[in-house]
Amino acid sequence: MDKKLRKKQCREEVRKRLESLPKEYHEEASQKISEFLCGMEVFQKAGSIFCFVSTPTEVNTRSIIQHAWSGGKQVAVPRCLEKGQMEACVITKEEDLEEGKFGIMEPKAGCKVLMPEQIDLIVLPCLSCDKKGNRLGYGGGYYDRYLEKCTGVRVVICREKLMLDEIPAESFDQKGDFLITEKGICPIKG
């Protein structure tokens, strides 16, 4: 079966699972994932982090961002550009955000751009992930393109109940270095 078609089927399966999960599970999983991530040595040592601003169906990243700010870290969040490109823009407070493309909160115009090589830690979103670090995204390829330029440590965050046994990977798909679920931290091999 074609990998694009298989990914589409995976997205449909995960979205059905997502709809059936109780709100309490989302909240508890988000809290545990945040605690694991913020407790990591790589997080504590990072001077700059690049973290997505979560939507209501994703792992909640607000506490991760708040924790980074309270630790004196530079926090950058994605701004979507044309043709599947994005940039990392520094925010220092919630008010630096406004609704952008796809209804996702993005940095306002005028926020400083952080170059990919200046980022120490990247927190990656996904609809799902497998234990090998293959991410199932939303299909736009924004992160795959952006990560080609990054040298920082990549952490994929995913709720355990949305994990799949295997996600079809294509040559351009970028993996994480670590996977964090509410059950713990898993280093990703090769």
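**A tour of pockets, sheet and cavities**

The second largest pocket is lined by 13 residues, and Glu27, Ser30, Pro56, Glu58 and Asn60 are those nearest its centre. A pocket here is an open set of points on a 1 Å grid over the protein atoms alone where a 1.4 Å probe fits, with protein on both sides within 12 Å along at least five of seven lines, and lining residues have an atom within 4 Å of a point. Select α2 (23–39) and α4 (62–70), the elements that give two or more residues to this lining. Helices (H or I, at least four residues) and strands (E, at least two) are DSSP runs, numbered from the N terminus. α2 provides the largest share, six residues. The space in this pocket is about 220 Å³, a volume being the space filled by probe spheres set on the grid points, which are joined across faces, edges and corners. Coloured by class, the lining shows one nonpolar, eight polar and four charged residues. In this scheme Ala, Val, Leu, Ile, Met, Phe, Trp, Tyr, Cys and Pro count as nonpolar, Asp, Glu, Lys and Arg as charged, and the others, Gly among them, as polar.

The model is predicted: local features need pLDDT of at least 70 and side-chain atom pairs count only at pLDDT 80 or more, while totals for chains, interfaces and linings use all residues. Residues are numbered from 1 along each chain as its sequence is written, and side-chain values use heavy atoms, with hydrogens and water left out.

**The largest pocket**

Next, move to the largest pocket, which holds about 810 Å³ of space. Centre the view on Tyr138, Gly139, Gly140, Gly141 and Tyr142, the closest to its centre among the 37 lining residues. Then select α1 (3–20), β2 (74–80), β5 (105–107), β9 (135–136) and α5 (142–147), each of which supplies at least two lining residues. α5 gives the most, with four residues. The lining comprises 17 nonpolar, eight polar and twelve charged residues.

**The sheet**

Now display the strands. Eight of them form an open sheet with mixed pairing, in the order β6-β3-β2-β1-β7-β10-β11-β12; two strands pair if DSSP finds at least two bridges between them. At the edges stand β6 (113–114) and β12 (184–187), each with a single partner strand, so one side of each lacks a neighbour in the sheet.

Select β10 (residues 153–157) and β11 (residues 178–181), which pair in the parallel sense over three bridges. Valine 156 has leucine 179 of β11 as its bridge partner. α2 packs on the sheet here, touching β7 (121–124), β10, β11 and β12, and its direction makes about 140 degrees with that of β11. Contact means heavy atoms within 4.5 Å; axes are lines fitted to C-alpha atoms, for helices over the stretch in contact, and angles run from 0 to 180 degrees between N-to-C directions.

Continue to β1 (residues 48–51), joined to β2 by three bridges in a parallel run. Isoleucine 49 is partnered there with valine 75 of β2. Six of the seven residues of β2 are buried (under 20% relative accessible area, 1.4 Å probe, protein chains only).

**The cavities**

The largest, of about 50 Å³, is lined by residues including Phe52, Val59, Pro125 and Ile157. Its lining has eight nonpolar, no polar and two charged residues.

Definitions and conventions:
Buried means under 20% relative accessible area, exposed over 50%, partly exposed in between (1.4 Å probe, protein chains only).
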